[in-house]
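Here is a short tour of the structure shown below. Keep it open as you read, so that you can find each residue as it comes up.

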Amino acid sequence: MTTLINVPPTLDDKTFEQVLDQLAPLPADDKIIVDARHTRWASPYGLTALLTLAQSRPDRPGFYPPESETTGSYWARTDFYKHAEELYEFHGKAQRSPPHRESDVLLEITPIVQSADVHNVVERIQKKAQEILMGKLNLDSSSTMRFTMALSEACQNIIEHAGCGGWVAVQTYTWQQRLNGRRVVVIAVCDAGVGFRQSLESSPARRLRDRWNDAIALEDAVLNGVSRFTDKGRGQGFAGMRKFVSHWDGKLSVRSGTARIVASVPDWDPDEMAREEGLSPFPGAQLQITIPQRVA
């Protein structure tokens, strides 16, 4: 028996939970087809999470691509199909990726498998960061280096903690729903690895607690700088990311296992929750950074 998993019309970090809720009751080895035929828009998080989902299944899932030509064209531009065709069994025709051309509004979905990949991503981002942050978000020049450092830290976490490869994507767009048309830059980093809880459990120095779960593991790693590595200075990557994101009134959210936390909830997103537990399980860790355009 094959189960159809419906992708919502708008796919982002929140609505992806609807996809996971459909998967939760199914045995891990059940055959599934991910149906995105009616999807019209997807964030970098949504697209990288779909790739991560396929990685998490023991059998290659089926996939229906979006029927909308506009949506399909954008997904092709992000290189989603290029990677998805290696992970999914396609039903229906996906649009071909256009000839590569540099974009000043997105970093195409890029696999992170080894440290060299992190260096390549950061190098590519550095070339675009100044234009994106200063030209489109009105941030000052000092933000460029901090931005690339935050991205580097996020990608490096995949190498050090995931136990398998992951994905990174960056895009800028106008956000009418939350920010009255201000532009934002969104960074998504997703993997299907061991997740924060198992990573911290592997440390011989881990403190044993009466209560231990995915939410506590996330708080330890993201908010308290706890690392499975015992050498001095480790675990400070998230502190740097939080400082940068908070300075620019942004949002840092991290999901792992069955929990999700937001390091600081900005005023422009009052519906956001600082901590969620009991979510449908999903392997690995999924991180999103959102930085809004600065206004005078």
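## Helix α10 and what follows

Helices here are DSSP runs of H or I with at least four residues, strands are runs of E with at least two, and both are numbered from the N terminus. This is a predicted model, in which local features need pLDDT of at least 70, side-chain atom pairs count only at pLDDT 80 or more, and totals for chains, interfaces and linings use all residues. Residues are numbered from 1 along each chain as its sequence is written, and side-chain values use heavy atoms, with hydrogens and water left out.

Which residues of α10 are buried? In this helix, spanning residues 237–247, they are Gly237, Phe238, Met241, Phe244 and Val245 (buried is under 20% relative accessible area, exposed over 50%, and partly exposed in between, with a 1.4 Å probe and protein chains only). They lie on the same side of α10 because they cover an arc of only 125 degrees around the axis, taken from the directions from the helix axis to the C-beta atoms. An α-helix has 3.6 residues a turn, so residues three or four places apart point the same way. Lys243 and His247, on the other side of α10, are exposed.

## The nonpolar cores

Two of those buried α10 residues, Phe238 and Met241, turn up again in the largest nonpolar core, which has 39 residues. They are among the members that touch the most others, along with Leu252, Val254, Leu287, Ile289 and Ile291. A nonpolar core is a set of buried Ala, Val, Leu, Ile, Met, Phe, Trp, Tyr and Cys residues joined through side-chain atoms within 4.5 Å.

Leaving aside residues up to four places away in sequence, phenylalanine 238 touches Asn157, Phe196, Ala221, Val222, Leu252, Val254 and Leu287 (contact means heavy atoms within 4.5 Å). A second, separate core has 34 residues, including Leu47, Tyr81, Leu87 and Phe282.

Aspartate 220 sits in helix α9, residues 214–223. Its relative accessibility is 7%, so aspartate 220 counts as buried. Beyond four places in sequence, its contacts are Leu200, Arg209, Trp212, Gly225 and Val226.

Threonine 3 belongs to strand β1, residues 2–6, and is buried, with a relative accessible area of 18%. Beyond four places in sequence, threonine 3 touches Leu26, Lys31, Ile32 and Ile33.

## The whole protein

Stepping back, the protein has 10 helices and 13 strands. Of its 296 residues, 54% are buried.
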